[in-house]
Amino acid sequence: MSTAVKNQLRVCFLSLKYNLMREMVNKVTFLTNVLFMVLNNASILVQWFILFALREDVGGYTLREILLLWGLTAASFGLAHILFARAFSLSELIIKGKLDSFLVQPKNVLVSVITSATDVSAIGDLLYGIALVCFCRPGVGGFFLFFLFTVTGAAVFTAFALLLGSLSFWFVRMDLLQNQMVMSAVSFATYPDGIFNGISRFLLYFIIPVGMAVWHPVHLIGRFDFGMFLTLLGYVCLLLSAAAVVFYRGLRRYAPGSLMEARL
């Protein structure tokens, strides 16, 4: 069992390495994409600085907590796109019958698919998120929790995208819904949960998993609770398991495309 896990981790590492090497062939384009993503994220924060100049808190969040919220969202989303970018375009692969090349490889199909691409601009998201948390200065424990929750947040975003994308095995044009739902989750994640009430709050915690990806971790960084922490870990494991089960159930229905792509 341990050997299989090590082999899969090695596959992930090699996929990331070669994807980055391929993207860094043109270093100017690589650095430009990263820089512009950082600047784009930074420009959006201007509205929050203006708003907090007028009032002390928004939805129970201070400016420091908003910066932490944005930092965790950007870092989680960035890490997910660096490591598992293909999970966010899975619907397109299924609809166009482009999973053929992954089925003939002597590797785990799911791991091979979701690690087959890297979004270079997402490095800018990750760096931006780290810079914001450094600005907040949460302390050693806070930094550790931030990096831990960046990983769990990336897992939630990836599993959510994978779950939606896998529905393309059954439904047509799920790519549109996948993109809309994932981007909606990221958009909602940049606002404090205190401004949402009732059914909208329920949906953003249990249907669109913004609460467990970002809001719950931000509260834990501010005030750690071991019970809430275990709840978060349990939710992440459950969502990942559900996404994997739906993917493999759908894979049984997959009709190979007419073109076979050779992947080296």
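Modeller: What follows is a set of questions and answers on the terms used for this structure.

Modeller: This is a predicted model, in which local features need pLDDT of at least 70 and side-chain atom pairs count only at pLDDT 80 or more, while totals for chains, interfaces and linings use all residues. Residues are numbered from 1 along each chain as its sequence is written, and side-chain values use heavy atoms, with hydrogens and water left out.

Biologist: Why is C136 called buried, and why is C134 called partly exposed?

Modeller: Buried means under 20% relative accessible area, exposed over 50%, and partly exposed in between (1.4 Å probe, protein chains only). C136 has 8% relative accessibility and therefore counts as buried, whereas C134 is partly exposed because its relative accessible area is 40%. Across the protein, buried residues make up 46% of the 264 residues.

Biologist: How do you know that E92 and K96 form a salt bridge?

Modeller: The term requires a side-chain nitrogen of Lys or Arg within 4 Å of a carboxyl oxygen of Asp or Glu, and the side chains of E92 and K96 meet at 3.2 Å, N to O. R201 and D193 also meet in a salt bridge, at 3.2 Å, N to O, and by this rule the count comes to two.

Biologist: What makes a space in the protein a pocket?

Modeller: On a 1 Å grid over the protein atoms alone, a pocket is an open set of points where a 1.4 Å probe fits, with protein on both sides within 12 Å along at least five of seven lines, and its lining residues have an atom within 4 Å of a point. The largest pocket has a volume of about 450 Å³, a volume being the space filled by probe spheres set on the points, which are joined across faces, edges and corners. The largest pocket is lined by 18 residues, with F84, I114, A155, T158 and L240 lying nearest its centre, and α9 gives the most to this lining, with seven residues.

Biologist: How do you know that A243 is buried, and which residues are in contact with A243?

Modeller: A243 lies in helix α13, and at 0% relative accessibility A243 counts as buried. Contact means heavy atoms within 4.5 Å, and, leaving aside its neighbours within four places in sequence, A243 is in contact with A159, L162, L163 and S166. A243 and L162 are 81 residues apart in sequence, yet 6.0 Å apart in space, C-alpha to C-alpha.

Note on methods. Helix = DSSP H or I, 4+ residues; strand = E, 2+ residues; numbered from the N terminus.
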